[in-house]
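Please look through the sequence and the model shown here before reading the report that follows.

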Amino acid sequence: MENKLITRSTIPDQYDRRPHAVWSPVARGSRVDTVFRWMSSGAGAMILVLLAAVAIFLLLSSKNALFASAETIIDNVEFTRGKNFWQFAAGALFGTLLASIIALIIAVPFAVCIALFISHYAPRKLAVLFGSVIDLLAAIPSVVFGLWGMWTLEPLLRPVFTSIATALTPVLEFISGRKETIDGETVWQGGLPGFSALAQNFDWWPLQPDALVFVPPARNIMMGGVILAVMILPIITSLCREVFLQSPRLLEEASLALGATRYEMIKMVVLPHGRSGIVSATMLGFGRALGETMALLMVLSPGLMINFKIFQPGQHSTIASQIALRFPESSGLSSDFLVALGFILFVITFVVNFVARAIVNRYADFSGANA
């Protein structure tokens with residue numbers, strides 16, 4: 001048979017089913033990409049608009065309190081108890097940061113260890129079970145944690161706080177000295193040079209001899225920090241677990257093949273690879289702790305002191321709990337006062353997240369956080 005070359009001209013028109021250029025897949029895909037790009041850009045811009053709207057609302061609503069004189073605040077806002085706005089805000093902000101830092105000190109080591117156990121030690125079925133429990137723990141409402149803290153955890157922590165105070169108070173007295181009454185006169189006795197002067201002259205000095213004295217009940221900032229630690233533990237654990245699971249499998253196996261133990265492999269491969277991921281998880285937990293309201297409102301005996309008496313009730317409070325406690329009965333300048341406190345909390349949270357992002361970006365090339 002004679003072979004014939006089939007060309008475009010030899011194909012009958014009824015068999016030519018090529019789509020027109022207007023409906024070509026390339027052109028259609030280009031339109032879809034354009035629409036999707038604009039939708040994505042609009043969604044990203046909407047986040048910025050919402051953030052700006054919240055900031056503007058807080059600033060405009062709080063300007064009367066921010067720029068009011070101390071006499072106006074004292075005369076018109078009853079719950080300040082003779083403090084001006086900045087004195088009240090300083091005490092509430094100090095309590096907020098102190099409770100959050102205590103929570104991080106307690107939660108982060110436990111969260112990293114739990115995440116390592118789930119990702120590198122536990123059998124598969126047990127790891128799935130632990131992961132499910134951690135995820136469920138994150139869904140418990142904060143008011144439940146508050147009730148649990150008041151009725152269950154507080155009696156359990158009393159002997160623990162008593163033991164800590166008994167063991168460490170003599171150490172603080174040796175470092176900073178202590179107050180003694182001699183012939184009816186209060187005299188500062190003992191202490192190391194310099195430390196005793198700081199403790200005697202500055203109430204905010206953390207090494208005060210009575211900083212760890214426990215006064216029951218355990219409705220103090222340490223109790224609030226423990227509750228916050230339990231609340232942020234699931235968040236930090238879940239994120240750290242995902243970061244650890246992204247560690248390069250080949251590097252892990254290579255380190256084990258070269259004779260490293262599992263601990264050495266985790267130390268040299270997993271933790272360096274997940275460093276910025278741990279920082280991100282920690283800062284996310286920190287942000288959650290800064291804004292927590294109901295749990296701290298229920299377990300704290302509030303105060304607005306700037307000191308480190310973490311085992312004594314009536315010393316500290318937080319911005320969020322003060323807003324929740326005072327807002328239902330506030331009006332006028334009192335309402336603006338509380339909104340101004342919310343504006344300060346908004347700024348602090350924004351700064352914390354900005355610093356965290358800067359830290360993550362610094363180590364992004366050496367970590368699996370962005371994998």
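Is F117 buried, exposed or partly exposed? F117 has 29% relative accessibility and therefore counts as partly exposed, where buried means under 20% relative accessible area, exposed over 50%, and partly exposed in between, with a 1.4 Å probe and protein chains only.

This is a predicted model, in which local features need pLDDT of at least 70 and side-chain atom pairs count only at pLDDT 80 or more, while totals for chains, interfaces and linings use all residues. Residues are numbered from 1 along each chain as its sequence is written, and side-chain values use heavy atoms, with hydrogens and water left out.

The protein has 13 helices and two strands, which are DSSP runs (helices: H or I, at least four residues; strands: E, at least two) numbered from the N terminus. Of its 371 residues, 38% are buried.

The structure holds 12 aromatic pairs, counted when ring centres of Phe, Tyr or Trp (its six-membered ring) lie within 6.5 Å; planes under 30 degrees apart are stacked, over 60 edge-to-face and the rest tilted. Two of the pairs are set out below.

| Pair | Centre to centre | Angle between planes | Kind |
|---|---|---|---|
| F117 and F130 | 5.3 Å | 70° | edge-to-face |
| F195 and W205 | 6.3 Å | 50° | tilted |

Because F117 lies in helix α3 (residues 85-121) and F130 in helix α4 (residues 124-138), their pair ties together parts that are 13 residues apart in sequence. F130 is partly exposed at 34%. In the other pair, F195 is partly exposed at 32% relative accessibility, whereas W205 is buried at 16%.
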